[in-house]
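Please read the following report alongside the sequence and the structure, which are shown here.

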Amino acid sequence: LPLGDKLKNEIIAALRKRGVEWVRALPDSRTEDFAQGLEQMRSPIDDWLSRNSQDDLKLGKYMVAGVIAAKETENLIYGGWCSSLWDHLVRDTTEPKELRENKAYFVTFNYDRSLEEFFYRRMRSEWRSIPPDQIEGVACDFVQNHIVHLHGHLGPLKWQDGSGTLY
């Protein structure tokens with residue numbers, strides 16, 4: 001997922017191209033002014049946004065969410081460090097409800113929900129004999145109590161809340 005300058009540059013490009021629906025809904029004058037402000041910033045985007053108006057903060061979060069949501073793909077959640085992490089989490093675990101007592105906690109600066117989706121899918125595949133609604137309950141409890149998004153997140157996933165979005 002894009003971070004730092006890459007995230008900033010993708011937001012600027014989206015504002016200027018106006019090729020995506022979530023940008024076309026914004027007035028031209030607002031998007032150009034915001035893009036210019038982003039180009040001149042030298043601090044992390046979250047710090048820059050917090051020092052500006054509430055309107056800029058809302059627009060900035062909207063832009064960050066739009067870029068990141070477009071990048072959430074299944075490729076992000078398979079293999080790599082997530083699988084190693086999962087192996088350590090479930091070592092000596094025989095059923096999913098034991099994860100509720102796990103002492104591992106995760107603090108992320110990212111808005112995406114890749115880690116949550118990864119844990120949910122691994123729980124479903126690891127414990128196939130357990131009814132899906134029970135797995136969803138354990139997964140919801142685990143991510144709610146073990147993952148902290150310091151700057152917020154893109155909202156609930158469909159399995160967390162029936163009105164949430166699909167990954």
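## A residue in a loop

Asp92 lies in the loop between helix H6 and strand E1, where helices (H or I, at least four residues) and strands (E, at least two) are DSSP runs numbered from the N terminus. Although Asp92 is not a glycine, its phi is positive, at about 65 degrees. Its relative accessibility is 73%, so Asp92 counts as exposed; the scale used here calls a residue buried under 20% relative accessible area, exposed over 50% and partly exposed in between, with a 1.4 Å probe and protein chains only.

## Basis of the model

This is a predicted model, in which local features need pLDDT of at least 70 and side-chain atom pairs count only at pLDDT 80 or more, whereas totals for chains, interfaces and linings use all residues. Residues are numbered from 1 along each chain as its sequence is written, and side-chain values use heavy atoms, with hydrogens and water left out.

## Overall architecture

The secondary structure of the protein comes to eight helices and two strands, and from the N terminus on these elements run α-α-α-α-α-α-β-α-α-β. The C-alpha atoms fill a box of roughly 55 × 30 × 25 Å, taken along the principal axes, and of the 167 residues 43% count as buried. Among contacts (heavy atoms within 4.5 Å) with a separation of 6 or more, 68% are accounted for by residues 24 or more positions apart.

## Two nonpolar cores

A nonpolar core is a set of buried Ala, Val, Leu, Ile, Met, Phe, Trp, Tyr and Cys residues joined through side-chain atoms within 4.5 Å. The largest one has 22 residues, and those with the most contacts inside it are Trp86, Phe119, Met123 and Phe142. Helix H6 (80–90), helix H7 (114–126) and helix H8 (132–146) are the elements that give two or more residues to this core, and H8 gives the most, with six residues.

Leaving aside neighbours within four places in sequence, Trp86 is in contact with Leu99, Phe118, Phe119, Arg122, Met123, Glu126 and Trp127. Apart from this core lies another, of 21 residues, among them Ile11, Trp48, Leu49 and Leu59.

## How helix H1 packs

The axes of helix H1 (residues 4–17) and helix H3 (residues 28–40) come within 9 Å and cross at roughly 155 degrees, which makes H1 roughly antiparallel to H3. Axes are lines fitted to C-alpha atoms, for helices over the stretch in contact, and angles run from 0 to 180 degrees between N-to-C directions; angles under 35 degrees count as roughly parallel, over 145 as roughly antiparallel, 65 to 115 as roughly perpendicular and the rest as oblique.

The axes of H1 and helix H5 (residues 54–71) come within 10 Å and cross at roughly 100 degrees, and H1 and H5 are therefore roughly perpendicular to each other. Leu7, Glu10, Ile11, Ala14 and Leu15 of H1 make this contact with Met63, Val64, Val67, Ile68 and Lys71 of H5.

## The surroundings of Tyr111

Tyr111 has its place in the loop between strand E1 (106–108) and H7, and it counts as buried because its relative accessibility is 8%. Its contacts, leaving aside neighbours within four places in sequence, are Asp46, Val64, Ile68, His149, His151, Gly152, His153 and Leu154. Tyr111 and Leu1 are 110 residues apart in sequence, while in space they are 9.9 Å apart, C-alpha to C-alpha.
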